[in-house]
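I set aside some time today to page through this model and jot down what I looked up. My notes follow the order in which I went.

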Amino acid sequence: FGEASHMNIEEIRGRSRVILAIDEEEPRKYWNVLDAVGSSVKAVKLGWMAILSLGSDGVKSLINGHDDKYFIMDAKMADVNFINEKIARRMAGLGFDGIIMHGFIGPSNAPPSVMDVFVLISMTQGPTLYDASLERAMDYTKAIDRRGIVVPGNKPDIIRKAREQFPSDVIISPGIGAQGGSIGCAVKHGADFGIVGRSIYESSDPVESLKRLEREAAESQC
Ligand code: O7E
């Protein structure tokens with residue numbers, strides 16, 4: 001995945017603490033939001049809404065048109081290995097730098113790392129089975145070849161436990177703003193990035209919202 005001129009996720013961490021999530025219906029909105037925020041956003045998370053709204057060729061064009069940014073595909077993969085691998089290779093072909101999979105499937109079903117893998121260990125809503133056996137979910141995740149993990153930004157205690165168990169992972173945390181989490185608190189407890197969707201893309205001033213989030217992340221307070 002060599003052509004793009006953007007930074008890797010660890011380099012981005014030194015400059016920005018927000019990963020912009022876009023889950024819109026309307027294809028044009030993906031372009032509009034990225035135009036509005038410009039170079040201040042360094043990492044973007046897209047998911048199934050982007051693939052459904054833009055189509056895979058549309059997603060590829062969007063990524064090509066913003067080659068200063070790091071793109072993560074929120075596939076939440078949880079299939080058998082050979083399917084996960086096919087999906088990961090296709091997503092890498094669209095230009096994605098990272099992909100998200102569920103941790104519960106364990107290392108034998110994880111795809112070989114054709115790009116950065118982020119493993120989901122606990123969710124913003126729930127409780128889910130992850131919360132009933134968080135320690136085991138963490139053990140499964142430790143055995144997966146990965147760049148980082150996903151833990152809920154609206155559950156600071158889980159972020160703290162995850163940071164203790166995963167001292168050198170890149171921790172990315174959704175659930176900031178619209179789902180009640182605070183980015184300052186998430187960073188204070190050990191998150192590297194807050195993943196933020198509606199609080200930015202539905203804001204009347206996305207740039208101002210982004211700046212406020214970056215300020216809160218830098219202050220790192222609850
Ligand atoms: O509430 P918003 O609008 O800021 O959007 C939250 C985003 O985070 C959205 O894209 C959703 O798919 C994602 N998310 C959760 O909301 N909860 C989770 O537990 C996990 C994720 C997620 O991003 O998972 C993979 C990173």
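I began at Lys 76, which lies in strand β3 (residues 70–77). Strands here are DSSP runs of E with at least two residues, helices are runs of H or I with at least four, and both are numbered from the N terminus. Before going on, I noted that this is a predicted model, where local features need pLDDT of at least 70 and side-chain atom pairs count only at pLDDT 80 or more, while totals for chains, interfaces and linings use all residues. Residues are numbered from 1 along each chain as its sequence is written, and side-chain values use heavy atoms, with hydrogens and water left out.

I looked up the backbone of Lys 76 and found a positive phi of about 40°, although Lys 76 is not a glycine. Most residues other than glycine have a negative phi. Lys 76 counts as partly exposed, at 32% relative accessibility; the scale calls a residue buried under 20% relative accessible area, exposed over 50% and partly exposed in between, with a 1.4 Å probe and protein chains only.

**Salt bridges**

What does Lys 76 pair with? Its salt-bridge partner is Asp 74, with the closest N and O atoms 2.8 Å apart. The criterion is a side-chain nitrogen of Lys or Arg within 4 Å of a carboxyl oxygen of Asp or Glu. Is Asp 74 buried or exposed? Asp 74 is buried, at 7% relative accessibility.

I then searched the whole structure and got 14 salt bridges. One of them links Lys 69 to Asp 68, where the closest N and O atoms are 3.2 Å apart. Lys 69 is buried, with a relative accessible area of 2%, whereas Asp 68 is partly exposed at 34%.

Next I checked Arg 212 and Glu 216, a salt bridge with closest N and O atoms 3.3 Å apart. Both residues sit in helix α10 (residues 206–219), four residues apart, about one turn of the helix. Arg 212 is partly exposed at 37% relative accessible area, and Glu 216 is partly exposed at 27%. I also noted a network: salt bridges that share partners join Glu 10, Asp 116 and Arg 147.

**Backbone notes**

Past helix α10, I stopped at Ser 220, which lies in the segment after α10. Ser 220 has a positive phi of about 50° and is not a glycine.

Where is the cis peptide bond that I noted? A cis peptide bond joins Gly 126 and Pro 127, with omega about 10°. Pro 127 is in the loop between β5 (116–120) and α5 (129–132). Most peptide bonds are trans.

**Helices α6 and α7**

Last, I looked at how helix α6 (residues 134–142) meets helix α7 (residues 156–165): their axes come within 11 Å and cross at roughly 40°. That makes α6 oblique to α7. Angles under 35 degrees count as roughly parallel, over 145 as roughly antiparallel, 65 to 115 as roughly perpendicular and the rest as oblique. The axes are lines fitted to C-alpha atoms over the stretch in contact, and angles run from 0 to 180 degrees between N-to-C directions.

Which residues make the contact? Leu 134, Glu 135, Met 138 and Lys 142 in α6 meet Ile 158, Lys 161, Ala 162 and Gln 165 in α7, contact meaning heavy atoms within 4.5 Å. I sorted the residues of this contact into four nonpolar, one polar and three charged.

How values were computed:
Ala, Val, Leu, Ile, Met, Phe, Trp, Tyr, Cys and Pro count as nonpolar, Asp, Glu, Lys and Arg as charged, and the others, Gly among them, as polar.
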